[in-house]
Amino acid sequence: MASDGPVEHGFPHLETVRAAVTALYRRLSYDTVQTFATSVAPADVAFCDTDDLYPGVQRVARELVRHYRLPDARMIVGFRDMRYAANVELAAGPEYFVELNDRFRTHRRDIGAALAHEVMHVYLHRLDLSFPGTRDNEILTDTAATYLGAGWLLLDAYREDAASSQKLGYLTPEEFGYVLAKRSLVFGEDPSVWFTSPQAYTAYVKGMERARLDERQPPLTAAGWAGRRRYARDRRDAPGSQPGLPYTFSPDDGGRLRVSFPCPTCHQRIRVPVRGRVRARCGLCRTVLECDT
């Protein structure tokens with residue numbers, strides 16, 4: 001939790017975020033991801049200063065348990081003075097003990113954001129889905145919470161001005177915006193109407209710009225002129241393509257050239273023949289892609 005300190009910006013964790021989206025589709029399946037097409041509604045997790053603290057916290061926790069489809073999980077929420085925004089004890093269940101930072105006693109509007117992250121820890125724990133290392137695992141948790149419909153709360157908790165700042169989660173504001181944009185492009189849902197923070201809206205716009213760029217990478221037909229020209233040059237020089245490009249060329253068993261590139265939706269790599277116009281379907285997220293290979 002960044003509180004009155006510097007807030008990191010940009011996309012420094014983008015590769016881990018993309019790997020997290022791929023891992024979600026692989027572990028949950030396309031059909032299960034589709035059941036999260038509707039996000040948590042603002043009214044269901046609203047918390048105002050006049051609400052009783054503990055009943056209100058339990059109400060919000062129950063709503064997030066319901067959203068993540070954990071009907072047999074019970075969150076017991078308390079408060080204590082600590083460095084981090086929140087913490088959850090990942091035991092066998094069905095009861096899980098969540099601790100929130102004491103500052104949430106008086107900053108109640110952001111309790112839903114903190115719980116969205118912690119309850120997602122429980123969800124991933126039950127799925128037995130994790131990344132090695134604390135940093136990458138926390139990025140997985142932020143990404144999963146956002147992609148599955150509760151992480152807009154985490155972005156909305158980001159506020160920054162000349163005198164103070166606040167940000168929850170491990171992703172930068174723009175990375176939260178990127179995952180929200182990915183979700184929006186899949187489900188046709190516009191989360192920006194729920195933002196109370198103007199800085200959150202700005203981060204979402206920047207995230208959408210980056211997400212749209214994924215859809216304009218060659219060999220996709222939506223790639224721009226410069227990308228198509230670069231792709232044609234790299235295809236001519238294959239298999240000696242430059243490292244760092246999103247696509248790679250390699251021969252198949254019969255010696256025919258194929259190109260591999262990430263799906264713009266789930267980032268699973270797709271391999272198709274190099275033979276001009278090709279329509280490909282991602283086997284993981286079922287996105288149909290128009291390519292010019």
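Me: What volume of space lies in the second largest pocket?
Reply: The model is a predicted one, and every value that follows is computed from it. In this model, the space that lies in the second largest pocket comes to about 380 Å³.

Me: Which element gives the most to the lining of the second largest pocket?
Reply: The lining of this pocket consists of 16 residues, and those nearest its centre are Glu-15, Arg-18, Pro-246, Pro-262 and His-267. At least two lining residues come from each of helix 1, helix 9 (198-214) and strand 8 (257-262). With four residues, the element that gives the most to the lining is helix 1.

Me: How do the residues of the lining of the second largest pocket divide into nonpolar, polar and charged?
Reply: Two of the residues nearest the centre of the pocket are Glu-15 and Arg-18, and both of these count as charged. Over the whole lining of the second largest pocket, the division is eight nonpolar, three polar and five charged.

Me: At what angle do the axes of helix 1 and helix 8 cross?
Reply: Two packed helices are described by the angle between their axes together with the distance between those axes. For helix 1 (residues 14-28) and helix 8 (residues 173-187), the axes come within 10 Å, and the crossing is right-handed. The angle at which these axes cross is roughly 35 degrees.

Me: Which residues in helix 8 do those of helix 1 meet, and how many residues of each class does the contact have?
Reply: On the side of helix 1, the residues in contact are Leu-14, Val-17, Arg-18 and Tyr-25, and in helix 8 they meet Glu-175, Tyr-178, Val-179 and Val-186. By class, the contact of helix 1 with helix 8 has two charged residues, no polar residues and six nonpolar residues.

Me: Which residues line the largest cavity?
Reply: The structure holds one cavity of 30 Å³ or more, and the largest cavity has a volume of about 40 Å³. Its lining divides into three nonpolar, two polar and two charged residues. By name, the residues that line the largest cavity are Ser-39, Leu-180, Arg-183, Ser-184, Glu-189, Pro-191 and Trp-194.

Me: Which residues does a cis peptide bond join?
Reply: Most peptide bonds are trans, and most residues other than glycine have a negative phi. Arg-69, in the loop between helix 4 (53-67) and strand 2 (74-80), has a positive phi of about 60 degrees although it is not a glycine. In the loop between helix 9 and helix 10 (225-237), where Pro-219 is found, a cis peptide bond with an omega of about 15 degrees joins Pro-218 and Pro-219.

Me: What radius of gyration does the protein have?
Reply: The C-alpha atoms fill a box of roughly 65 × 45 × 30 Å along the principal axes. For 293 residues, a compact globule would have a radius of gyration near 19 Å, which agrees with the value for the protein, 21 Å.

Technical notes. Residues are numbered from 1 along each chain as its sequence is written. This is a predicted model: local features need pLDDT of at least 70, side-chain atom pairs count only at pLDDT 80 or more; totals for chains, interfaces and linings use all residues. Side-chain values use heavy atoms; hydrogens and water are left out. On a 1 Å grid over the protein atoms alone, a cavity is a set of points where a 1.4 Å probe fits but cannot get out, and a pocket is an open set with protein on both sides within 12 Å along at least five of seven lines; lining residues have an atom within 4 Å of a point. Grid points are joined across faces, edges and corners, and a volume is the space filled by probe spheres set on the points. Axes are lines fitted to C-alpha atoms, for helices over the stretch in contact, and angles run from 0 to 180 degrees between N-to-C directions. A crossing is left-handed if the near helix is turned anticlockwise from the far one by less than a right angle, and right-handed if clockwise. Contact means heavy atoms within 4.5 Å. The radius of gyration is taken over C-alpha atoms; the globule rule is 2.2 Å times the number of residues to the power 0.38.
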